[in-house]
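Hi everyone, thanks for coming. Let me put the structure up on the screen, and then we can walk through it together.

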Amino acid sequence: MIKARTIINFLVGGNAVTGFGMVLMGLGVISMEEKLIAVASPFLHLLQIPPKPFFVLLGSCKILAVMRLVFRRGPFPEWFARIGLMTSCACGAYGHYRNDESAVPPFVMIGLLVLHGFLPGGTKEEKKDRVV
């Protein structure tokens with residue numbers, strides 16, 4: 001089970017990479033990706049905010065959530081980080097669907113996040129009980 005947890009941690013950690021890219025786009029370090037703006041457009045119009053602050057906030061939250069789930073560090077409680085990433089994936093799936101793109105990858109990530117919560121070896125108490 002520890003190997004499975006390591007693999008799931010690696011896959012869930014990909015959210016931090018996308019979050020880092022969003023922060024860089026929001027800060028203007030790299031150019032804004034038009035496809036990403038198109039996927040986020042239903043929420044940008046709903047919230048009536050420009051894309052740059054939206055990407056900085058969303059990217060930062062994704063990075064902090066991954067820090068909590070994978071490295072057990074960060075300001076969010078674990079349940080909040082998991083629900084936040086799942087919500088981000090669900091919104092991404094809706095945005096992809098609205099742009100006639102495949103919504104399967106975000107739903108796969110939601111499944112990985114659910115599986116991550118059920119695998120043993122994640123809490124500090126379980127790690128203390130494990131004999132190395």
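Let's start with R72, and ask: is R72 buried or exposed? In this predicted model, R72 has a relative accessible area of 11%, and the cut-off for buried is under 20%, so R72 counts as buried. If you want to find R72 on the screen, look in the loop between helix 4 and helix 5. The side chain of R72 has a partner too: a polar contact of 2.9 Å joins it to the side chain of E78.

Now let me step back to the whole chain. How many helices and strands does the chain have? There are seven helices and zero strands, and reading along the sequence you get α-α-α-α-α-α-α. The C-alpha trace spans about 50 × 30 × 20 Å along its principal axes. The chain has 132 residues, and 37% of them count as buried. If you take contacts between residues at least 6 apart in sequence, 59% join residues at least 24 apart.

On to the inside. The largest nonpolar core has 16 residues, and V12, L85 and L113 are the ones that touch the most other members. Which helices each supply at least two residues of this core? They are helix 1 (2-12), helix 4 (51-71), helix 5 (78-98) and helix 6 (104-118). Apart from that core lies another one, made of 10 residues, including L36, I37, F43 and F55.

Let me zoom in on L85 for a moment. Leaving out residues up to four places away in sequence, L85 touches N15, K62, A65, V66, L69 and L113.

Next, T87, which sits in helix 5. T87 has a relative accessible area of 41%, so T87 is partly exposed. A polar atom of the T87 side chain lies 2.8 Å from the backbone oxygen of I83. And if you like a distance to check on the screen, T87 and T6 are 81 residues apart along the chain, with their C-alpha atoms separated by 23 Å.

Now for the surface. Which residues form a nonpolar patch there? I7, F10 and L11 do, and together they have about 340 Å² of accessible area. L11 has its place in helix 1, and L11 counts as partly exposed because its relative accessibility is 39%.

Last stop: a couple of backbone angles. As background, most residues other than glycine have a negative phi. With that in mind, have a look at Q48, where phi is near 55°, a positive value in a residue other than glycine. Q48 lies in the loop between helix 3 (34-47) and helix 4. Is Q48 buried or exposed? Its relative accessible area is 71%, so Q48 is exposed.

D100 also deserves a look: D100 is not a glycine, yet its phi is positive, at about 55°. You'll find D100 in the loop between helix 5 and helix 6. D100 counts as exposed because its relative accessibility is 74%.

Methods: Residues numbered from 1 in each chain as written. Predicted model: local features only at pLDDT ≥ 70, side-chain atom pairs only at ≥ 80, totals over all residues. Heavy atoms only, no water. Core = buried A, V, L, I, M, F, W, Y, C linked by side-chain atoms within 4.5 Å. Buried < 20%, exposed > 50% of the residue type's maximum accessible area, 1.4 Å probe, protein only. Helix = DSSP H or I, 4+ residues; strand = E, 2+ residues; numbered from the N terminus. Contact = heavy atoms within 4.5 Å. Polar contact = N/O pair within 3.5 Å; in protein donor to acceptor, adjacent residues only side chain to side chain. Patch = residues over 30% accessible without salt bridge, like charges linked within 9 Å, V, L, I, M, F, W, Y side chains within 5 Å. Areas by Shrake-Rupley, 256 points an atom, 1.4 Å probe, with all protein chains shown as cover. Salt bridge = Lys/Arg side-chain N within 4 Å of Asp/Glu carboxyl O.
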